[in-house]
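Trainee: I have a model open and would like to learn how to read its features. Please take me through them one at a time.

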Amino acid sequence: MSTWNDNFSFKATHTRPSPVREILAVIKQPGMISFAGGMPAPEVFPVEEFYESAHLLKDKGTELLQYGTTDGNVELREFLTEFMQPRLGRKVGMDEIFLTTGSQQALDLFSWAMLDPGDVVITEDPSYMAAITVFMNHGGVCRGIPCDADGILVDKIPPLIESLRAEGKKVKFLYTIVNFQNPGGMTMSVERRKKLAEIAEKYNIGIFEDDPYGYVRYEGDHLPSIFSFDKVGNVLYAGSFSKILAPGTRTGWVIGDPAIIRKMCVFKQSTDLCSSSVDQALVADYCKKGYLTQHLPAIIANYRKRRDFMEESMKRHLAPLGVTWVKPQGGFFYWIDVPGVNTDQLMRRALDKKVAFIQGSAFAVEEGACIHNARLNYTYCSNDVIEEGIKRIAAAIVELKAEAEGIKA
Ligand SMILES: Cc1ncc(COP(=O)(O)O)c(C=O)c1O
């Protein structure tokens, strides 16, 4: 017997694998249709335009192949301060922004800076499971607040903070995915964004505003960020190139008060020293040529079609079975409600029929939440694959319902 199991850390024995990553192995089976991941469509990657920047490896090779600074490529940070200005309400300074290895790393660095074991993080319920896992890895305890079509029910936040404080608990920050939430698909209203900034100020807590999907909007106007309503510097905004350019760039950014930015950078020094200088230089060159702003309408048009196709397909096959959903105005996911059906069971039955999705319970923050929900990704599959996958899910629902009726009878 090897030594490892006897000597794992407390953290290692308590961490949980990601259901999405776990399911990836199953998804690779021949004939499997997957609505499970959150992956962009590879056919929309701007391969040619991105490759144009490859000359930099020769022209600036000695610089690019060296270690970079921890806060990241200056040109890319400058580009982002301009690009983000409308959403943030002002042009932020260079001491308010740094680059990360995807926004996933921002979650980890933020947790290093903020969480001691037992500290409470308030989140939307459901929420992005890989963020919840990061908070838990750092000893955080997550408490979920339900959401409706306008996002988190903000009025429920102050009483929760007060009752947790009465129990002697420390509430450190609130985590929200403001636009086209993962998994719920909803977008927080402007009113609630304002209210959240006020709550953060009143209760002296931070807000982690995670926004990887914000630029993938199919209709309606872009909304101002929570950051733009923040008067005291309590909001940290995280963005990413994963969904708007390519996740393989592993490039994200964080914007916030210099106090938290500096602390996160110090943790980054010991996490990975710096993100890849090569990736950042290629992304910077691509963005500076204006390609990002040209590319966005193309991916939006492409994904809008897929969303609309899934909508029609679900109307044909799932609506007659009582399944409901809210049409997302952007992002990557449908969040469906399958009344009377446990979606853990449905997921297993669907896998037998060679279609994968993620069951709602995987995103639940509070015990027992979301057992009738499922998250379906529409950005990855082609139309005919979407149609076939939805049909298979419908067949799985019909079977489970018939079995349940049989048991009752
Ligand atoms: C809400 C949310 N935050 C963060 C991430 C991490 O993205 P990345 O590290 O690729 O930027 C994802 C990825 O799916 C996500 O959905």
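Trainee: How many Å separate the centres of domain 1 and domain 2?
Mentor: Domain bounds come from an automatic or database domain assignment. Here domain 1 covers 4-45 + 293-408 and domain 2 covers 48-292. Their centres, taken over C-alpha atoms, are 25 Å apart. This is a predicted model: local features need pLDDT of at least 70, side-chain atom pairs count only at pLDDT 80 or more, and totals for chains, interfaces and linings use all residues. Residues are numbered from 1 along each chain as its sequence is written, and side-chain values use heavy atoms, with hydrogens and water left out.

Trainee: What is the area buried between domain 1 and domain 2?
Mentor: Buried area is the accessible area (1.4 Å probe) that two parts lose on being put together, summed over both. For these domains the value is about 3,200 Å², with carbon and sulfur atoms giving 58%. On the domain 1 side, R16, Q329 and V365 lose the most area to domain 2, together 20% of what that side buries. Counted as contacts (heavy atoms within 4.5 Å), 35 residues of domain 1 meet 35 residues of domain 2.

Trainee: How many salt bridges are there between domain 1 and domain 2?
Mentor: Side chains of opposite charge can pair when their charged atoms come close. The criterion is a side-chain nitrogen of Lys or Arg within 4 Å of a carboxyl oxygen of Asp or Glu. Two salt bridges are counted between the domains. E366 pairs with R143, their closest N and O atoms being 3.0 Å apart.

Trainee: And in the structure as a whole, how many salt bridges are there?
Mentor: The structure holds 25. In one of them, R306 and E43 have their closest N and O atoms 2.9 Å apart. This pair links distant parts of the chain, 263 residues apart: R306 is in helix α15, and E43 is in the loop between β1 (33-34) and α4 (47-51). Helices (H or I, at least four residues) and strands (E, at least two) are DSSP runs, numbered from the N terminus.

Trainee: Which residues are closest to the ligand?
Mentor: A residue counts as near if one of its heavy atoms lies within 4 Å of the molecule. The ligand is surrounded by 14 residues, the closest being S103, D210, Y213, S240 and S242. S242 has a polar side-chain atom 2.6 Å from a ligand oxygen atom. For K243, the distance from a polar side-chain atom to a ligand oxygen atom is 3.0 Å.

Key:
Polar contact = N/O pair within 3.5 Å; in protein donor to acceptor, adjacent residues only side chain to side chain.
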